[in-house]
Amino acid sequence: MFDTKIGVFGLISDAGPVVLFVLSVLLSFSIVSWAIIAFKFSYLRKSLKESRVFLDFFFDVYNVEKVFTESERYKHGSLPKIFRSGYIEYQALDDRGNIRQAKARISRAIKREANTENKNLSTLVPFLATVGNTAPFIGLFGTVWGIMTSFHTISLTQSASLAAVAPGISEALIATAAGLAAAIPAVIGYNYFTQQITIIERDIEEFSPEFVAALLNEP
Amino acid sequence: MKKFYLWLVVAAATHAVVLCAAVFFQIWNAAKNVKPKIVSVTLVSLPAPVGGTQEVSDGEGGAEESPVRVLATPAPSPAVEKTVQQPAAKKPQQQPQQPLSPKIVVEKSPASQPANNQLQKALDRIKQNVDQKTSPPQPSSVSTLNSALAKLQQKVQSAGTGNGGASGSSSVGGGGGKGSGTGGPSKSYKAAVASIIQQNWEFSGILLKNSGGMAVYVRINILPDGTISQIIFDRKAVSEYLNNSVKKAIQKSSPLPVLPKEEGSRDVWIGFEFSPEGLEK
């Protein structure tokens, strides 16, 4: 008998172009954020797992050749990658008797690989921080704009009743809600990945000298 | 990076699925909580219909004559005066049985006999007037006169039977010629409906800066049992407050009095115009 409200999506359909633009930006932010979260989560989990397994093998087996062969199985782990780079540099040495020079070259190779690995680990994560910081403000911009338009419409309709004011404000607040919906997972993801990356970096820092020592002390 | 693009596609698809699910959920929820087509507001106590309903006209024989005759009496008793004043006051929450009470009072009063005489005298006067105008009486004109008189008598009687207090007063005011009870049952019903809706209309013109040019044209569909089955806004006002107040007033007024028997068993459409100016009058 009486007309029914369609809900939030009905309000979105009535929203102005600026609010719609803000909402589409926030939607794209949210999509990219979730893609980064999923991608990084799987990548870091694999890296940590493989590094852990490789370290166990490394401390069990003293033969560098065998360790290198085992490290070939781990494509995503940071520590196996670093060990491989060190081993390749060690194999490339012309004069293995010069321990000082060999150590310097292997250390340099390991450091270079560690840097590359750190970069790989941190890729795309800053975008999460950006979304977490800016999405609420973008949403707030949409809300402010929507309320501005709403008040303008109220002045045109010449009615100050709640029934006239509420729909416009409700429509405008959707932008803030969308901003928060995009920002909250991004912030959570950013904090989690930062912590995981810190753990891996600490491992790299800690075990790199061990690798150098293992390569130089090879029987 | 290829894996990241794959995740990007997955995220986009997930967002699309979530949005679609939310839309479907809202539609489903709206469909689940949809208001029934027929609204029955039992809390509203309805006033008696002005034009006289079937219950009133189906009253006992003694009660049929009394209202008109007594109201036409030049010097009625205090009880009769009360009956005349009651409809004029137009109380918003009248009980449906109230219009019957004056009849009972009048019926038992000794003033009912002079009322009959008065009616008879009025009929005689009309007859005399007609006789004077038609001086050379011819057989055909006499028969026409008789039939006219019979019709007039029927009208007067039906005005007495069909009307409550309100219509009775109007018919007497017009010297028995107006006959609002028989002449326009639909009009009187419309008036009753309009008064009910207006009484339920909660609207303050103060909230509007400018009330000029704000009018709402509404059509309502009334079922034979008086329930409002549909509200159609032919033209809405720019103020949503006014539109909502009209909608609420109509919703609050359902069910309306039962449709007069003349309308049959089909539903009727009645149109209204709501404007802030009208309210301020």
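This is a predicted model: local features need pLDDT of at least 70, side-chain atom pairs count only at pLDDT 80 or more; totals for chains, interfaces and linings use all residues.
**Figure 1. Overall make-up of chains A and B.** Chain A contains seven helices and zero strands, and its elements follow the order α-α-α-α-α-α-α along the sequence. Chain B, by contrast, has 12 helices and three strands. Buried residues account for 37% of the 219 residues of chain A and for 29% of the 281 residues in chain B. In chain A, 81% of the contacts with a separation of 6 or more are between residues 24 or more positions apart. In chain B, 77% of the contacts between residues at least 6 apart in sequence join residues at least 24 apart.

**Figure 2. The largest nonpolar core, drawn from chains A and B.** This core holds 31 residues, of which Leu26(A), Ala35(A), Ala135(A) and Ala182(A) touch the most other members. At least two residues each are supplied by helix H2 (17-60), helix H6 (125-157) and helix H7 (162-216) of chain A, and by helix H1 (2-32) of chain B. The greatest contribution is that of H2(A), with 15 residues. A second, separate core comprises 24 residues, including Tyr189(B), Val193(B), Val218(B) and Ile220(B).

**Figure 3. Surroundings of Leu26(A).** Leaving aside residues up to four places away in sequence, Leu26(A) touches Ala135(A), Ile138(A), Gly139(A), Ala178(A), Gly179(A) and Ala182(A). Leu26(A), Ala135(A) and Ala182(A) are among the residues of the largest nonpolar core that touch the most other members.

**Figure 4. Packing of H2(A) against H6(A).** The two helix axes come within 10 Å and cross at roughly 160°. An angle over 145 degrees counts as roughly antiparallel, and H2(A) and H6(A) are therefore roughly antiparallel to each other. Their crossing is left-handed. H2(A) contributes Val18(A), Val19(A), Val22(A), Leu23(A), Val25(A), Leu26(A), Phe29(A), Val32(A), Ser33(A), Ile36(A) and Lys40(A) to the contact. From H6(A) come Val125(A), Phe127(A), Leu128(A), Val131(A), Ala135(A), Ile138(A), Gly139(A), Phe141(A), Gly142(A), Trp145(A) and Gly146(A). By class, the residues of this contact are 17 nonpolar, four polar and one charged.

**Figure 5. Crossing of H3(A) and H4(A).** The axes of helix H3 (residues 64-71) and helix H4 (residues 78-91) of chain A come within 9 Å and cross at roughly 130°. H3(A) is therefore oblique to H4(A). The crossing of H3(A) past H4(A) is left-handed. On the H3(A) side, the contact is made by Val64(A), Val67(A), Phe68(A) and Ser71(A), and on the H4(A) side by Pro80(A), Phe83(A), Arg84(A) and Tyr87(A). Six of these residues are nonpolar, one is polar and one is charged.

**Figure 6. Crossing of H4(A) and H5(A).** Here the axes come within 8 Å and cross at roughly 150°, which means that H4(A) is roughly antiparallel to H5(A). The crossing of H4(A) and H5(A) is right-handed. Ser78(A), Lys81(A), Ile82(A), Ser85(A), Gly86(A), Glu89(A) and Tyr90(A) of H4(A) meet Arg105(A), Ile106(A), Ala109(A), Ile110(A), Glu113(A), Ala114(A) and Glu117(A) of H5(A). The contact of H4(A) with H5(A) divides into six nonpolar, three polar and five charged residues.

**Figure 7. Backbone geometry at Leu124(A).** Leu124(A) is found in the loop between helix H5 (99-122) and H6 of chain A. Its phi is near 75°, a positive value in a residue other than glycine. With 17 other C-beta atoms within 10 Å, Leu124(A) is partly exposed.

Figure 8. The bond from Ser254(B) to Pro255(B) is cis, with omega near 0°. Pro255(B) belongs to the loop between helix H11 (240-253) and strand S3 (268-274) of chain B.

Figure 9. Arg235(B) lies in strand S2 (residues 228-235) of chain B. Residues with 12 or fewer other C-beta atoms within 10 Å count as exposed; Arg235(B) has 9 and is therefore exposed. Apart from residues up to four places away in sequence, Arg235(B) touches Val216(B) and Tyr217(B). The C-alpha atoms of Arg235(B) and Glu273(B) are separated by 9.3 Å, and the two residues are 38 residues apart along the chain.

Notes. Residues are numbered from 1 along each chain as its sequence is written. Chains are lettered from A and ligands numbered from 1 in the order in which they are written. Helices (H or I, at least four residues) and strands (E, at least two) are DSSP runs, numbered from the N terminus. A residue is buried if 20 or more other C-beta atoms lie within 10 Å of its own, exposed if 12 or fewer, and partly exposed in between; C-beta atoms are placed from the backbone. Two residues are in contact if their C-beta atoms, placed from the backbone, lie within 7 Å. A nonpolar core is a set of buried Ala, Val, Leu, Ile, Met, Phe, Trp, Tyr and Cys residues joined through C-beta atoms within 7 Å. Axes are lines fitted to C-alpha atoms, for helices over the stretch in contact, and angles run from 0 to 180 degrees between N-to-C directions. Angles under 35 degrees count as roughly parallel, over 145 as roughly antiparallel, 65 to 115 as roughly perpendicular and the rest as oblique. A crossing is left-handed if the near helix is turned anticlockwise from the far one by less than a right angle, and right-handed if clockwise. Ala, Val, Leu, Ile, Met, Phe, Trp, Tyr, Cys and Pro count as nonpolar, Asp, Glu, Lys and Arg as charged, and the others, Gly among them, as polar.
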